[in-house]
Amino acid sequence: MTSSPHRNLNRLEFLVTLACTGHCRHCSEGDHTSTGRSLDTAAAGRAVHSLCREYKIESVMTFGGEPLLCLDCVCKIHEAARAAGIPKRQLITNGFFSRDTAKITAAAKRVADSGVNDILLSTDAFHQETIPLEPVMTFALAVKDAGSDTRIPARIRSHPAWLVSPEDDNPYNVRTREILAEFEKRGIEPSDCNIVFPSGNAKKYLAEYFDPNDNPTSPYAEDPNDIRAVCIGPSGDLFGGNISERDIRDILSDYAQNMK
């Protein structure tokens with residue numbers, strides 16, 4: 001394993017679905033729709049268990065789109081991650097998947113019970129242009145309440161996207177600070193921030209804030225010769241294979257052979 005491009009692999013990510021409840025002008029993926037393919041639940045669970053047999057996976061993350069539109073899949077992944085002993089189990093969500101308080105509360109409890117221990121709540125001026133704050137706050141507080149019933153409660157933090165920099169006083173950042181203050185009043189602190197990356201919708205709708213001559217490298221890009229994280233999309237595709245059809249370790253093995 002020492003010469004393989006994924007010899008240092010320690011993180012597994014699942015882009016559960018591209019379907020989303022928001023239509024954010026800063027989204028690097030571009031325009032999302034309310035429907036779309038979602039990840040195969042059983043295949044995702046198998047991938048977690050299989051990968052942990054050979055690699056020391058330290059973190060697993062589920063995101064989207066809006067991953068909680070696929071609650072069963074999210075919970076299955078994190079249950080598998082907890083059973084496999086993965087210490088960091090993250091969920092990134094905009095918190096808006098229902099307006100029904102009972103459904104929101106039940107989902108929060110399922111998420112907490114599944115073993116998620118770090119929830120990053122996407123809340124900022126961009127999300128709240130199209131996503132109502134009330135059900136998001138209901139979800140956040142329900143997660144905190146559900147945590148009191150679990151042995152290791154999930155940490156939930158607001159996870160804003162800043163335009164230009166956290167210190168810049170553009171109108172979007174001013175509104176983001178107001179939104180974060182509402183969460184801080186309820187004991188929900190902000191995480192380390194994201195900076196809006198100029199691609200997708202951001203490049204289309206926020207071009208005035210970016211240097212047209214600047215071509216930055218995505219902060220999420222992996223070195224193909226030293227892959228630390230792999231991301232499986234809604235179709236199950238990974239490096240020319242598919243986790244619904246083949247064991248993830250075999251897919252990685254083929255990738256290593258092709259890199260020689």
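What radius of gyration would a compact globule with 260 residues have, and what does the protein have?

1. Overall size. A compact globule of 260 residues would come out near 18 Å, and the protein has a radius of gyration of 19 Å, so the two agree. Keep in mind that this is a predicted model. The C-alpha trace spans about 50 × 50 × 30 Å along the principal axes.

2. Make-up and surface. I get 7 helices and 10 strands for the protein. Buried residues make up 49% of the 260. The accessible surface comes to about 12,700 Å², with 47% of that belonging to carbon and sulfur atoms.

3. Take the contacts between residues at least 6 apart in sequence: 78% of them join residues at least 24 apart.

4. The α2/α3 pair. How do these two helices cross? The axes of α2 (residues 71–83) and α3 (residues 101–114) come within 8 Å, crossing at roughly 20°. Because the cut-off for roughly parallel is under 35 degrees, α2 counts as roughly parallel to α3. On the α2 side the contact uses L71, D72, C75, H78, E79 and R82, and these meet A107, R110, V111, D113 and S114 of α3. By class, the residues of this contact are 4 nonpolar, 2 polar and 5 charged.

5. A107, on the α3 side. This residue lies in helix α3 and is one of those meeting α2. Its relative accessible area is 5%, so A107 is buried. Setting aside neighbours within four places in sequence, A107 has contacts with L71 and F97. For a sense of scale, A107 and A221 sit 114 residues apart along the chain, and their C-alpha atoms are separated by 32 Å.

6. The α1/α7 pair. Which residues does this contact use? Helix α1 (residues 41–52) packs with helix α7 (residues 248–259) at an angle of about 65°, with the axes 8 Å apart. From α1 we have A47, S50 and L51, and they meet I248, R249 and L252 of α7. This contact has 4 nonpolar, 1 polar and 1 charged residues. It is worth looking at beside the α2/α3 contact, where the tally is 4 nonpolar, 2 polar and 5 charged.

7. E66. Is this glutamate buried or exposed? E66 has 0% relative accessibility, so it counts as buried. You'll find E66 in the loop between β2 (59–64) and α2. Not counting residues up to four places away in sequence, E66 touches T17, A19, C20 and T21, and also T93, N94, G95 and F96. F97 has already come up as a contact of A107.

8. Q90. Strand β3 (residues 88–93) holds Q90. At 6% relative accessibility Q90 falls under the 20% cut-off, so it is counted as buried. Beyond residues up to four places away in sequence, Q90 touches R11, V60, M61, T62, H78, D118 and L120. H78 is also among the α2 residues that meet α3.

9. R157. This arginine is in strand β5 (residues 155–158). With a relative accessible area of 16%, R157 is buried. Its contacts, leaving aside neighbours within four places in sequence, are D118, I119, L120 and L121, together with I188, E189, P190 and S191. D118 and L120 are on the contact list of Q90 as well. From R157 to V74 is 18 Å, C-alpha to C-alpha, and 83 residues in sequence.

10. Positive phi. Two residues other than glycine deserve a look here. V164 has phi near 75°, a positive value, and sits in the loop between β6 (161–162) and α5 (171–184). The relative accessible area of V164 is 40%, so V164 is partly exposed. For F239, phi is near 50°, again positive. F239 lies in the loop between β9 (237–238) and β10 (241–242), and a relative accessible area of 35% makes F239 partly exposed.

Key
Residues numbered from 1 in each chain as written. Predicted model: local features only at pLDDT ≥ 70, side-chain atom pairs only at ≥ 80, totals over all residues. Heavy atoms only, no water. Axes fitted to C-alpha atoms, helices over the stretch in contact; angles between N-to-C directions. Helix = DSSP H or I, 4+ residues; strand = E, 2+ residues; numbered from the N terminus. Parallel < 35°, antiparallel > 145°, perpendicular 65-115°, else oblique. Contact = heavy atoms within 4.5 Å. Nonpolar A, V, L, I, M, F, W, Y, C, P; charged D, E, K, R; others polar. Rg over C-alpha atoms; globule rule 2.2 N^0.38 Å. Buried < 20%, exposed > 50% of the residue type's maximum accessible area, 1.4 Å probe, protein only. Areas by Shrake-Rupley, 256 points an atom, 1.4 Å probe, with all protein chains shown as cover.
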